[in-house]
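Here are my notes on the two-chain model you sent over.

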Amino acid sequence: MQAEPKTILNFLATHFDALVFLFEKQNNEGSIHLRTFREFEEEFGHIEQQLFSYKILRKIGEDAEFSGEIYNLFQFVLKEFKPMLPETIEKYNSSISNLFRLIRDGINGDKLILAKRIDELYSEAFSFVESVEKNTLRLLAETRELKSNVTKIDYKQKVEKASFWIDYYIQPLNNILDISHAQSIVNKLLDISNFINIKRLNFHDETIRKQFEKLYFFLIQSNHDLLYQSKILTNELLPLIERIRTESLILTGWIEFLKIPNKVEVPKLLKVLRDNPYSDEMYYHAKDFVMQFQNIEDIIISEELVETDMWIFNKEKYKEDLLNKMPVNDFFEWAIESLNKEYKMAETEKLFSLTSLLFEDDFDKEFDPMNKHVFIQTTQLKLKVPKIKIYKHGIS
Amino acid sequence: MEYPKQHKDIVSDLMAGKFLLRNDFNFDILKQNKDFYTSFFKESFNYGLQLESEFAYLISFETKEQLSRDICILIALLSYELDKDGKNFMDQLSYALFEYDQIDKYFEGSSYQELIKSNKQLKDVESRRMFYRTLSNRNIIEKEGENQFRFTSAIKVFIDFAVDFAQGKLEQATVSIDEDTSSIDE
């Protein structure tokens, strides 16, 4: 039985909360499972039967779905539009272009079909503008939700979501609305409105002229609305979502970095290794360096007295020994033998003392330069010495 | 040969590891003589001059540079804690005045205690005060009174690092997801 329109409207108003619950269910899960009604009845009462008899819902297997018109109504009143993929919106490009071509080419043809085509063009343009508005509203809501992050999704997901909205919805929608892009639908609508503007003034049939006029003013208004939508996209949505993407990226970067802070190559800075001549601290550091060597306390170094056997050269004794040996063929041989006999080993110092006997006036010396030098060994040195003969002075 | 004006100051500041900021008069002189200073630092000390729109600084090609790592850890922890506190961390890092006590509280309540305690510059209140002095000397922060500071534009070096790192990581994640998918396909 067909219900009265007022009955349906009253039903919708009375059970609005229940219908919103079902609407959300469908949006989140894709459809409403029939078992939902069991949970649902406790809270919202037995309305399942009316939902189907008023054709608010329709059954699809084990699930139910809102009928198209009611779904659209709820989208409209709740301002919760399902985002349309821009490629879906793009379909208007070809439908509007086709209709316009048919109107332009058949401008002198049958009036009835021309009137019908103008009406169709009007409704296609209307649907197009509405789709863009719905999408912009939805995208704005999504973006703000992403920004406030009430669902506490993690940063990686947030970046992915922001990138997803930008790449698949916002940027392509912006291209559709971009007036500087020759192939954009907005530009097409502008071309159409120029053509319609002429026809609304000079078309010979008044009814058609009025239709053209209605379409023209609608297109002018649409152009204005689309520009507004485009501004929201470029001025608000894109920067907002771009910022979400950037901020989230930064935080993602930091969180990832904090997992392995010592294993990551960080930005290079200057490693200040030394003072340079321009440094203000150079003077003080240099002064510190020098001062460490300036010892202001007197240092007294006391040398330990070491008892040593002092050897005193007894010249007279050795002179007498030498005189007793006269004549001596080799002075240094005699000196070494004397010292070795007395001290086991001749010390250099003692040998040099004995050498002073050579300068005594009591002895005559003879030295043959042709003779080879001989080596003698002291405790410290091996000395190369000449062979010197010694005679007693005055006696041959 | 005639050197640019303020040559000594420019060289002293940069060689002390300072960031030369745009609001410094010497920054303009450096910018006007970019080629000269680039080759001057390269030829004299083998240092690289990094001249950005907001600041300039020198880099050495020393790989074990601990200061930069400590700064990254400080900013990373601060960003994380500010965000956790419900604040817009980028706005805060860009414009806000930080009180030492506020940062102390964040660090004391942080879940990154192990990392904080193992870092010589950040481990306790005293170390952090010393660290702020170093950062201030290098113009990475600007002190306000006894207990406050704000970051200078030099922070961009580290923020850019975080973005690059995240992109590298995300790319890695994407690659591994792709690899997983392709292995399923096979």
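Predicted model: local features only at pLDDT ≥ 70, side-chain atom pairs only at ≥ 80, totals over all residues.

1. Start with the polar contacts across the A/B interface: eight residue pairs, with both partners at pLDDT 80 or more, are in polar contact between chain A and chain B.

2. Which elements of chain A give two or more residues to the side that touches chain B? They are α9 (155–177) and α11 (206–259) of chain A. Of the elements there, α11(A) gives the most, with twelve residues.

3. By class, this side of chain A has 18 nonpolar, four polar and ten charged residues.

4. Now the extent of the interface. In total, 32 residues of chain A are in contact with 50 residues of chain B. The two chains bury about 3800 Å² between them, and 72% of that is on carbon and sulfur atoms.

5. The largest nonpolar core has 54 residues, and the members that touch the most others are W254(A), F257(A), L93(B) and F151(B). Helix α4 (residues 66–84) of chain B gives the most to this core, namely ten residues. There is also a second, separate core of 46 residues, with I170(A), I176(A), I192(A) and L238(A) among its members.

6. L93(B) deserves a click. Setting aside residues up to four places away in sequence, L93(B) touches I75(B), L78(B), S79(B) and L82(B), as well as F98(B), F151(B), I155(B) and I159(B).

7. For chain B as a whole, the secondary structure comes to nine helices and six strands. Buried residues make up 46% of its 186 residues. Among contacts in chain B between residues at least 6 apart in sequence, 58% join residues at least 24 apart.

8. Last, a look at F16(A), which lies in helix α2 (residues 16–29) of chain A. Is F16(A) buried, exposed or partly exposed? F16(A) has a relative accessible area of 32%, so it counts as partly exposed. Beyond its neighbours within four places in sequence, F16(A) is in contact with F74(A), V77(A) and L78(A). F16(A) and F74(A) are 58 residues apart in sequence, with their C-alpha atoms 9.7 Å apart in space.

Methods:
Residues numbered from 1 in each chain as written. Chains lettered and ligands numbered in written order. Heavy atoms only, no water. Helix = DSSP H or I, 4+ residues; strand = E, 2+ residues; numbered from the N terminus. Buried < 20%, exposed > 50% of the residue type's maximum accessible area, 1.4 Å probe, protein only. Contact = heavy atoms within 4.5 Å. Core = buried A, V, L, I, M, F, W, Y, C linked by side-chain atoms within 4.5 Å. Buried area = accessible area lost by both parts, 1.4 Å probe. Polar contact = N/O pair within 3.5 Å; in protein donor to acceptor, adjacent residues only side chain to side chain. Nonpolar A, V, L, I, M, F, W, Y, C, P; charged D, E, K, R; others polar.
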